[in-house]
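The following exercises are to be worked through with the sequence and the structure at hand. Each task is followed by a solution in steps.

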Protein chains: 2
Amino acid sequence: MLAMKITIFGKGNMGQAIGHNFEEAGNTVEYYGSHDHATDLGQIVIMAVPYPALKSLATQYANELVGKIVVDITNPLNFDTWDELVVPADGSAAQQLQEQLGQSTVLKAFNTNFAATLKSGKNGDQTTTVLVAGNDQAAKDTFSDALKGSPLTVVDAGALKRAREMEAMGFLQMTLAANKKISWNGGWNLIHG
Amino acid sequence: MLAMKITIFGKGNMGQAIGHNFEEAGNTVEYYGSHDHATDLGQIVIMAVPYPALKSLATQYANELVGKIVVDITNPLNFDTWDELVVPADGSAAQQLQEQLGQSTVLKAFNTNFAATLKSGKNGDQTTTVLVAGNDQAAKDTFSDALKGSPLTVVDAGALKRAREMEAMGFLQMTLAANKKISWNGGWNLIHG
């Protein structure tokens, strides 16, 4: 395995849980909060911020993100109503980010996972499954390689267009937890059958 | 438990697997194929047909379906491209059916389950989870009651509007199986955590 440098924007539960897995897999992980100024970003950059902060973060670091693999993890809910997404119904936050960052390679990942299942690497008695969608196969392979050695199972979910479905699924899962149908320690896990 | 009469339109894998669960729970299940003429429908009617056949089936039985709980199980994929759904991006097949059948109570269910996991009642080593969405709580409770005694776990996914997200999830799951990331015996299962 070739160890990489991973940059994580966001020091919250998700950023920490994601970073933990990249560390466990032998990579060097650097974390930055909203008041930090990051320089010399890693090959993979995780945008572990809430959707409302995504666009301005991408604007702030647009030059530094050129040529990087940029991972969008957001679930763009309307948090006033919890009844809809705030991105176009036929699109996704990830596709918006790819439009904004034309010289970066955007992947969608981690948005269908709650932080607790990323932190533990387990969902129930199984390993946690991370979906990754993107248009660049080499970038998806790099992402998967960087997580080899972590407890996570990474599954290729197809082109970036599938981020629409991943965001719908992440949204649905959050409503199930908010309505106490499941806890924030559970969620959907993929059975290979 | 009060045994009910369940009508299933569709004798395919899904219709049979769904019917098996209602039978196991002690209900009477009647199956009808496309050349049959059904009369005296049950309190719950499962539309276990592919999406392209849904509208005409609902038209054919519009009168008989008045006052019934009508369950839409479809995944309205574009089967030419496997790259999009054919319903409006902010809507769903279930919401279309509810508009068509104004005097019936439409529920969305079973579309996030592959037939094999409904037939066995297991997804991996866990019980299969069935999501149900609908605007009428009493209808959802009746649906859940009718499956008590089956091996399935039924989880209320909220209002019928959530069918959009369930159909996105069903679509995503089908693309994972078609691309051999999972088998048709697996799929998403809900961990309560």
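**Exercise 1: The surroundings of Ala116(A)**

Leaving aside residues up to four places away in sequence, Ala116(A) touches Trp184(A) and Asn185(A). The model is a predicted one.

Task: Determine in which helix Ala116(A) lies, and whether Ala116(A) is buried, partly exposed or exposed.

Solution. Step 1: Ala116(A) belongs to helix α4 of chain A, which spans residues 115-120. Step 2: The relative accessibility of Ala116(A) is 29%. Step 3: Buried means under 20% and exposed means over 50%, so Ala116(A) counts as partly exposed. Step 4: For a comparison of sequence and space, Ala139(A) is 23 residues from Ala116(A) in sequence, and their C-alpha atoms are 26 Å apart.

**Exercise 2: The strand β5(A)**

Task: State which strands pair with β5(A) and in which sense.

Solution. Step 2: With β4(A) (residues 69-72), β5(A) forms a parallel pairing over 4 bridges; Ile69(A) has Thr105(A) as its bridge partner. Step 3: Between β4(A) and β5(A) the chain passes through helix α3(A) (residues 93-100), in a right-handed β-α-β crossover. Step 4: With β8(A) (residues 129-134), the pairing is antiparallel over 3 bridges, and Leu107(A) is bridged to Gly134(A).

**Exercise 3: The two chains**

Task: Find how chain A can be laid on chain B.

Solution. Step 3: The same surface serves both copies, since 100% of the contact residues of chain A recur in chain B.

Key: Residues numbered from 1 in each chain as written. Chains lettered and ligands numbered in written order. Predicted model: local features only at pLDDT ≥ 70, side-chain atom pairs only at ≥ 80, totals over all residues. Heavy atoms only, no water. Least-squares fit on C-alpha atoms with pLDDT ≥ 70 in both. Contact = heavy atoms within 4.5 Å. Helix = DSSP H or I, 4+ residues; strand = E, 2+ residues; numbered from the N terminus. Buried < 20%, exposed > 50% of the residue type's maximum accessible area, 1.4 Å probe, protein only. Pairing = 2+ DSSP bridges. Right-handed = clockwise from strand over helix to strand, strands pointing away.
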